[in-house]
Amino acid sequence: TTEVTESQLRAVFPGRHGELDVDEPERDRRPAQAVTWHQAAAYCNWLSSKEGIPPSQWCFIEDDENPLPGAMRLAPGHSDRRGYRLPEEFEWEYACRACATTSRYYGYDPQQLTFYGWHLNNAYGRTHQVGQLLPNDFGLFDMLGNVVEWCRNKRDPFHDADQAWMARGGSFKDPKRVLRSSNRFSFNRGALSYIMGFRIARTLQVAN
């Protein structure tokens with residue numbers, strides 16, 4: 001229901017994944033930042049392992065052909081595997097909208113966004129603890145704002161470039177007009193940007 005936090009990610013990647021100017025308890029509950037797609041994928045596999053999900057069901061594998069240390073790639077048949085993973089872009093938007101047809105899950109008025117998401121005008125230049133604002137109708141917090149969230153897929157599935165992997169949601173640095181359920185972003189999977197974080201998903205039932 002929330003973005004993966006600093007303290008959760010430190011279980012796999014020791015060190016800091018957020019700003020350095022806040023006390024420990026607050027930082028631990030803020031979303032992890034400067035997370036690459038590869039690190040997010042590795043965290044998903046770690047969580048699958050921790051919960052006893054067999055490796056045959058993990059959604060990511062090590063990418064031996066990528067020179068980037070710790071590089072990951074999608075496992076064959078990943079769509080049918082039941083381990084933890086990043087959401088597909090269409091899943092992310094469905095979860096964000098929570099069946100709403102308006103530009104944001106609560107309606108249209110950008111002024112109301114302050115009650116639902118951390119953005120340029122209310123975040124004071126930093127992330128905030130997850131789950132502090134109002135959730136959408138699916139009970140999901142911070143779907144708009146706080147940090148941009150990695151998705152599992154490329155912008156163009158037929159293009160091999162590593163620069164165009166999808167992310168959604170916008171960040172604490174974005175103006176209100178940018179934070180809409182439909183807005184799309186793309187980044188290099190190895191990007192270490194302080195606006196980047198993620199949340200996890202999982203397939204519980206595979207369609208026949």
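Q: Before we start, what should I know about the model and the numbering?
A: Residues are numbered from 1 along each chain as its sequence is written. In this predicted model, local features need pLDDT of at least 70 and side-chain atom pairs count only at pLDDT 80 or more, while totals for chains, interfaces and linings use all residues, and side-chain values use heavy atoms, leaving out hydrogens and water.

Q: OK, what is the strand order in the open sheet of four strands?
A: The order is β6-β5-β4-β7, with mixed pairing, where strands are DSSP E runs of at least two residues, numbered from the N terminus, and two strands pair if DSSP finds at least two bridges between them.

Q: And which are the edge strands?
A: Those are β6 (184-187) and β7 (196-197), each of which pairs on one side only.

Q: In what sense do β5 and β6 pair?
A: Strand β5 (residues 165-168) and β6 pair in the antiparallel sense over four bridges, and S186 in β6 is the bridge partner of M166.

Q: Switching to D174, where is it found?
A: D174 sits in the loop between β5 and β6, and is buried, meaning under 20% relative accessible area with a 1.4 Å probe, protein chains only.

Q: What does D174 touch, neighbours within four places aside?
A: D174 is in contact (heavy atoms within 4.5 Å) with H119, L120, L179 and F185.

Q: Last one: why does C44 count as buried?
A: C44, which lies in helix α3 (residues 37-50), counts as buried because its relative accessibility is 0%.

Methods. Buried < 20%, exposed > 50% of the residue type's maximum accessible area, 1.4 Å probe, protein only. Lys, Arg positive; Asp, Glu negative; His and termini not counted. Salt bridge = Lys/Arg side-chain N within 4 Å of Asp/Glu carboxyl O.
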